[in-house]
Amino acid sequence: LGSLNLNGQIINGVWQKYTSIVGSTYKETYEFNEDNTFKFSPSGFDGLTRILSFGGTFFIEKDTIYFTIRYIEECDGGNIIRSSITTLNNSWEIMDCICKKKEIIENNIWPVPYKLSNNNNQKTLSIGTDIYYLIKE
């Protein structure tokens, strides 16, 4: 089980939502590692999000991936400014915040439908209703 799907294919790597093309920053991403840990990061284009990332452990059974959240990285404090980079949120963003990592003690397991595909040499990973493209192995 672990980071292998039913066909023995490995999902390790960084997967980006919407596209395999990386711009000035990543869109929403999942990073899956050999030790069955993962990290989820919201889009870098959203300058107002206070959640920088969260992660934990995962395992796969059949067509379901199971997530257990172990930590969250959050932006604490900071100032709201007009951004010259992001166009989301009417170009507002948080700057000069302090990143704080908090451990999560709860052992909730979150099952999500999952499917790994390889079409025209482009690996995609469906998690729930969203499609992610492999951008880094």
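These notebook entries record what I looked up in the structure.

**Entry 1: The model**

I began with the origin of the coordinates: this is a predicted model, in which local features need pLDDT of at least 70 and side-chain atom pairs count only at pLDDT 80 or more, while totals for chains, interfaces and linings use all residues. Residues are numbered from 1 along each chain as its sequence is written, and side-chain values use heavy atoms, with hydrogens and water left out.

I then looked up pLDDT, the predictor's confidence in each residue, from 0 to 100. The chain has a mean pLDDT of 87, and 92% of its residues reach 70 or more. Confidence is lowest in strand 7, at a mean of 88, and highest in strand 3 (residues 37–41), at 96. I noted a caution for reading any model: where pLDDT is low, the predicted coordinates should not be read in detail.

**Entry 2: The chain as a whole**

How many helices and strands does the chain have? I found 0 helices and 11 strands. Both are DSSP runs numbered from the N terminus, helices being H or I with at least four residues and strands being E with at least two. Read from the N terminus, the order of elements is β-β-β-β-β-β-β-β-β-β-β.

The C-alpha atoms fill a box of roughly 50 × 40 × 20 Å along the principal axes. Of the 137 residues, 37% are buried; buried means under 20% relative accessible area, exposed means over 50%, and partly exposed lies in between (1.4 Å probe, protein chains only). The chain exposes about 8,600 Å², and carbon and sulfur atoms supply 51% of that area. Accessible areas come from the Shrake-Rupley method with a 1.4 Å probe, and for residues only the protein chains shown count as cover.

I also looked up contacts, which are heavy atoms within 4.5 Å. Among contacts between residues at least 6 apart in sequence, 48% join residues at least 24 apart.

**Entry 3: The cysteines**

I recalled that a disulfide is a covalent bond between the sulfur atoms of two cysteines. The rule applied here is a pair of cysteine sulfur atoms within 2.5 Å, and the count by this rule is 1 disulfide. Cysteine 75 and cysteine 97 form this disulfide, with their sulfur atoms 1.9 Å apart. The pair links distant parts of the chain, 22 residues apart: cysteine 75 is in strand 5 (residues 64–76), and cysteine 97 is in the loop between strand 7 (92–95) and strand 8 (98–103). The torsion about the S-S bond is about -135°, so the disulfide is left-handed.

Are the two partners buried or exposed? Cysteine 75 is buried, because its relative accessibility is 6%. Cysteine 97 is partly exposed, at 28%.

Cysteine 99 is partly exposed, with a relative accessible area of 46%.

**Entry 4: Salt bridges**

Side chains of opposite charge can pair when their charged atoms come close. I counted a salt bridge as a side-chain nitrogen of Lys or Arg within 4 Å of a carboxyl oxygen of Asp or Glu, and the structure holds 5 of them.

One of these joins glutamate 28 to lysine 17, with the closest N and O atoms 3.8 Å apart. Glutamate 28 lies in the loop between strand 1 (13–17) and strand 2 (29–32), and lysine 17 lies in strand 1, so the pair ties together parts 11 residues apart in sequence. Both residues are buried.

Lysine 17 also forms a salt bridge with aspartate 130, at 3.5 Å between the closest N and O atoms. This pair links distant parts of the chain, since aspartate 130 is in strand 11 (residues 130–136) and lysine 17 in strand 1, 113 residues apart. Aspartate 130 is partly exposed, at 24% relative accessible area, whereas lysine 17 is buried, at 11%.

A further salt bridge joins aspartate 76 and lysine 100 at 2.9 Å, N to O. Aspartate 76 is in strand 5 and lysine 100 in strand 8, so the pair ties together parts 24 residues apart in sequence. Aspartate 76 is partly exposed, at 39%, and lysine 100 is partly exposed, at 39%.

Salt bridges with shared partners join Lys17, Glu28 and Asp130 into one network.

**Entry 5: A surface patch**

Finally, I looked up a nonpolar patch on the surface, formed by Leu48, Ile80 and Trp92, with about 270 Å² of accessible area together. Patches are made of residues with over 30% relative accessible area and no salt bridge; like charges are joined within 9 Å, and nonpolar side chains (Val, Leu, Ile, Met, Phe, Trp, Tyr) within 5 Å. Tryptophan 92 is in strand 7 and is partly exposed, with a relative accessible area of 36%.
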